[in-house]
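Let us walk through this structure step by step. Keep the sequence and the model side by side as you read.

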Amino acid sequence: MNAKVLIAAAAFGAAGLAGAALAHEMDTDQDGLYSLTEMRTEYADLTEADYAALDTNQDEAVDAEELAAAIESGQLPSME
């Protein structure tokens, strides 16, 4: 199994296995990062400003840790 998938699954422990599976499916190019376009498949109302706020390390992409933190903090609803 891909190491990025394992890291993503671990990061989503609090969100549950269903959320991790949905996050994996949301990453359509399987690069371990979530683009704004990919995230809008699950969060249709996500704005560019919202996305930028989720990108806490400012690398212009949301990674599994940032996504998990956003869900845990309530910035985003859980993916179920």
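pLDDT is the predictor's confidence in each residue, on a scale from 0 to 100. This is a predicted model, so local features need pLDDT of at least 70 and side-chain atom pairs count only at pLDDT 80 or more, while totals for chains, interfaces and linings use all residues. Residues are numbered from 1 along each chain as its sequence is written, and side-chain values use heavy atoms, leaving out hydrogens and water.

The protein has a mean pLDDT of 82. Of its residues, 72% reach 70 or more. Among the elements, helix 4 has the highest mean pLDDT, 98. Helix 1 (residues 3-11) has the lowest, 52.

Next, the fold. The protein holds five helices and two strands. Helices (H or I, at least four residues) and strands (E, at least two) are DSSP runs, numbered from the N terminus. Along the sequence the pattern reads α-α-β-α-α-β-α. Of the 80 residues in the protein, 36% are buried, meaning under 20% relative accessible area with a 1.4 Å probe, protein chains only; exposed is over 50%, and partly exposed lies in between.

Now look at one residue. Asp 55 sits in the loop between helix 4 (48-54) and strand 2 (62-63). Asp 55 is buried yet has no salt bridge. A salt bridge needs a side-chain nitrogen of Lys or Arg within 4 Å of a carboxyl oxygen of Asp or Glu. Which side chain of opposite charge is nearest to Asp 55? Arg 40, and it is 14 Å away. Lys and Arg count as positive, Asp and Glu as negative; His and the chain ends are not counted.
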